[in-house]
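Hi everyone, thanks for coming. Have a look at the structure on the screen, and I'll walk you through a few spots in it.

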Amino acid sequence: MSRHEVSGLPGTARAWTTTLVTGPVRSGKSRHAEDLLSHRSGVTYVATGQPVADSGTSGPAGPDDAEWRRRVEGHRQRRPSSWRTLETTDVAGAVSAATGPVLVDCLGTWLTAVVDEVGWDDLEAAAAAVRQEEDRLVESLCAATLPVVVVTNEVGWSLVPTTASGRFFQDELGRLNARVSSVARHVHLVVAGRVLDLSDSPVVPVVPVVPITPGDPDVRGETRDHASGTRDA
């Protein structure tokens with residue numbers, strides 16, 4: 001068994017140096033992620049999304065969004081001066097090239113940037129692009145030998161979005177989170193400023209992504225109602 005495989009599960013890759021930190025907005029997940037590496041110097045902070053030079057800010061907002069700029073600046077001020085900030089959408093490349101610990105914040109803005117490159121009008125092409133970049137990301141995490149902390153968002157605890165693009169983002173981020181969680185050595189859920197360690201919790205088997213048409217049974221023998229987003233057992 002290689003060092004990347006999970007004991008008892010031959011062929012299943014594992015990212016032994018990766019910690020996934022997830023949680024809802026304003027839960028404290030970014031502060032917790034930063035605290036995990038606060039004692040380390042030479043950390044590369046990977047700010048995902050479009051770099052400032054392209055959009056005026058790193059993230060999903062535009063260059064005229066003052067509130068987003070204040071949020072980004074608050075993150076910068078919290079980070080130790082010895083840390084290096086890298087604004088890029090090539091997270092896999094940043095992890096592979098790192099010579100010290102890496103903090104990635106966050107997968108939500110990264111996913112948005114990946115879809116932006118393809119366009120939100122063709123969600124089938126966007127899904128293919130996400131899958132390709134997701135494979136690269138997971139491979140880089142499994143190959144990493146230095147500490148990597150990855151921050152992501154939980155967006156599936158609220159209402160089902162009313163737009164196709166909103167549902168696509170919610171579904172894809174949920175799948176991405178589950179896949180990274182399945183390989184990460186540690187998984188922390190941050191809710192209301194509290195940290196729950198899920199590292200030793202059972203992992204839900206990954207279900208292959210297959211096209212499903214309304215009224216057809218899905219891979220679990222259930223029927224999906226696409227209009228409501230529900231499944232009938």
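Let's start with a term: a residue is called buried when its relative accessible area is under 20%. Keep in mind, too, that what we're looking at is a predicted model.

Is Ser140 buried or exposed? Its relative accessible area is 5%, and the cut-off is under 20%, so Ser140 counts as buried. And what does Ser140 touch, if we skip residues up to four places away in sequence? The answer is Ala92, Val95 and Ser96.

Now over to helix H5, which runs over residues 107-118. With 12 residues at 1.5 Å a residue, the helix should span 16 Å, and its end C-alpha atoms are 17 Å apart, so the two agree.

How many of the residues in H5 are buried? It's 9 of 12, so to speak a mostly covered helix. The buried ones are Leu107, Gly108, Thr109, Trp110, Leu111, Thr112, Ala113, Val114 and Val115. And what is doing the covering? The list includes helices H4, H6 and H7, along with strands E6 and E7.

The axes of H5 and H6 come within 9 Å and cross at roughly 130 degrees. That angle is why we call H5 and H6 oblique to each other. The crossing of this pair is right-handed. On the H5 side, the residues that meet H6 are Leu107, Trp110, Leu111, Val114, Val115 and Val118. Facing them from H6 are Ala125, Ala126, Ala129, Val130, Glu133, Glu134 and Leu137. Sort the residues of that contact by class and you get 11 nonpolar, no polar and 2 charged.

Next partner: H7. Here the axes are 10 Å apart, and H5 and H7 pack at an angle of about 125 degrees. That makes this pair oblique as well, and the crossing of H5 and H7 is right-handed. H5 brings Leu107, Gly108, Trp110, Leu111, Thr112 and Val115 to the contact. H7 brings Phe168, Phe169, Glu172, Leu173, Leu176, Asn177 and Val180. By class, the contact of H5 with H7 has 9 nonpolar, 3 polar and 1 charged residues.

Let's also check what sits on either side of H5 in the chain. Cys106 is in the loop between E6 and H5, and a cis peptide bond joins Asp105 to Cys106, with omega about 0 degrees. After H5 comes Gly119, which has a positive phi, near 110 degrees.

Why point those out? Because most peptide bonds are trans, and most residues other than glycine have a negative phi.

With that in mind, two more residues are worth a look. Arg26 isn't a glycine, but its phi is positive, about 60 degrees. You'll find Arg26 in the loop between strand E3 and helix H1, and it's exposed, with a relative accessible area of 64%. Then there's Ala192, also not a glycine, with a positive phi of about 50 degrees. Ala192 belongs to the loop between strands E8 and E9. Is Ala192 buried or exposed? Its relative accessible area is 71%, so it counts as exposed.

Note on methods:
Residues are numbered from 1 along each chain as its sequence is written. This is a predicted model: local features need pLDDT of at least 70, side-chain atom pairs count only at pLDDT 80 or more; totals for chains, interfaces and linings use all residues. Side-chain values use heavy atoms; hydrogens and water are left out. Helices (H or I, at least four residues) and strands (E, at least two) are DSSP runs, numbered from the N terminus. The expected span of a helix is 1.5 Å times one less than its number of residues. Buried means under 20% relative accessible area, exposed over 50%, partly exposed in between (1.4 Å probe, protein chains only). Contact means heavy atoms within 4.5 Å. Axes are lines fitted to C-alpha atoms, for helices over the stretch in contact, and angles run from 0 to 180 degrees between N-to-C directions. Angles under 35 degrees count as roughly parallel, over 145 as roughly antiparallel, 65 to 115 as roughly perpendicular and the rest as oblique. A crossing is left-handed if the near helix is turned anticlockwise from the far one by less than a right angle, and right-handed if clockwise. Ala, Val, Leu, Ile, Met, Phe, Trp, Tyr, Cys and Pro count as nonpolar, Asp, Glu, Lys and Arg as charged, and the others, Gly among them, as polar.
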